[in-house]
Amino acid sequence: MATIQGQTLTERQKGLAACACLMAQGDLERLEPAVKMALDNGVTINELKEAFSQLYAYTGFPRSLNALGVLNKVLENKQPSWQEGKPWTRPEIWDDAAKALKQGTEVQTQLSGRAFDYDFCPQDDYYLKSHLFGDIFAGDQLSHADREIVTVAALSGLEGVAPQLTAHKRGAVNMGNSQELVDELCAWLDHEGYTLHSKWPKGEPNTAYAQYFVGNSYLADVGGGVHNVTFELGCRNNWHIHHKAVQVLICVAGRGWYQEWGKEAIPMTPGTVIAIPAEVKHWHGAAKDTWFQHLTYHKDVQEGSSNEWLEPVTDEVYNKLK
């Protein structure tokens, strides 16, 4: 396969990536519209079946089967424009274990850029060569380049798999994708919020307060006077003051910042709780490289309470944060 130098990520590739990332997280609620989007953008039904089947090796059978269940549900209202795709055929090497091992070893070597032998655990070494890169990669629904896009997207949606994600980013290039395309894929997944590890609702675009934010934010009413605010990468609100009320922030996903006027910024990670005294000038928002979610509510609210919006947090101030 010829390497595609500097190609922009296609809508079809985005569809495959979104489905893979959400499938890996087990987020079936967001997966259903993503499947429809993928089918609308040229991913075939059989390609999605192949992608969800392959990913059992990375995410487990339960999530693979659940994703296939979502696809099956979506197809109950199949649209005329959705393509079935190339008919599935049984790979010949499934009937020849020695051939599967040989072919899988060759594929793994190409992906890794060198011979790879996991002598510490011969069982896994055999499973990787014979089954994952042999049996699974023998299917002809997806190219090897597409398979690595699917794998990188899935691993991007998981926590605690940084070594494997790094290896497959390199592998995606070795299997025919350009480095530019892989970088764009990861940036797109982050920008669209697919890599936001959260069970809290993203909500709707925060249009009513958009003028007081740098970047895009989203707002969800979760009940009891509590709202969940979601910030895109680099998004932050303006400096502001809560008069006659204490605001409470509880970080639930991602990483962000809280800063009071004249003081050092405080990093916020899941579990961080900050009670902002009344009359204190401050701002809060996401870190540069990740989405951020916090719950917010007010307490000790006095009569005549209000919120005063002030100047934006400048790039000079924000870019100094590390």
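1. How far apart are the end C-alpha atoms of α1, and what span should its 15 residues have at 1.5 Å a residue? The end C-alpha atoms of α1 lie 21 Å apart, which agrees with the 21 Å that its 15 residues should span at 1.5 Å a residue, where the expected span of a helix is 1.5 Å times one less than its number of residues. Helices (H or I, at least four residues) and strands (E, at least two) are DSSP runs, numbered from the N terminus.

2. This is a predicted model, in which local features need pLDDT of at least 70 and side-chain atom pairs count only at pLDDT 80 or more, while totals for chains, interfaces and linings use all residues. Residues are numbered from 1 along each chain as its sequence is written, and side-chain values use heavy atoms, with hydrogens and water left out.

3. The protein chain as a whole has 11 helices and 13 strands, and its C-alpha atoms fill a box of roughly 80 × 45 × 35 Å, taken along the principal axes. Of its 322 residues, 46% count as buried, where buried means under 20% relative accessible area, exposed over 50%, and partly exposed in between (1.4 Å probe, protein chains only). Among contacts with a separation of 6 or more, 72% join residues 24 or more positions apart, a contact being heavy atoms within 4.5 Å.

4. Helix α1 is mostly covered, with 13 of its 15 residues buried, and just after α1 Gly-26 takes a positive phi of about 70°.

5. In α2, the buried residues are Leu-31, Ala-34, Val-35, Ala-38 and Leu-39. They cover an arc of only 135° around the axis, which puts them on the same side of α2; the arc is that of the directions from the helix axis to the C-beta atoms. An α-helix has 3.6 residues a turn, so residues three or four places apart point the same way. The cover over the buried residues of α2 includes α1 (11–25), α3 (45–54) and α5 (61–74), whereas the face turned away from the buried side carries the exposed residues Glu-29 and Asp-40. Just after α2, Gly-42 takes a positive phi of about 100°.

6. The largest pocket holds about 740 Å³ of space. It is lined by 24 residues, of which Phe-116, Leu-128, Phe-133, Gln-164 and His-168 are the closest to its centre. Two or more lining residues come from each of α4 (56–59), α6 (97–112), α7 (122–136) and α9 (162–174). On a 1 Å grid over the protein atoms alone, a cavity is a set of points where a 1.4 Å probe fits but cannot get out, and a pocket is an open set with protein on both sides within 12 Å along at least five of seven lines, with lining residues having an atom within 4 Å of a point.

7. The second largest pocket, with about 510 Å³ of space, has 22 lining residues, and Leu-22, Asp-27, Arg-30, Gly-193 and Lys-202 lie nearest its centre. Both α2 (28–40) and α10 (179–191) give two or more residues to this lining, and α2 gives the most, with five.

8. The largest cavity has a volume of about 40 Å³, a volume being the space filled by probe spheres set on the points, which are joined across faces, edges and corners.
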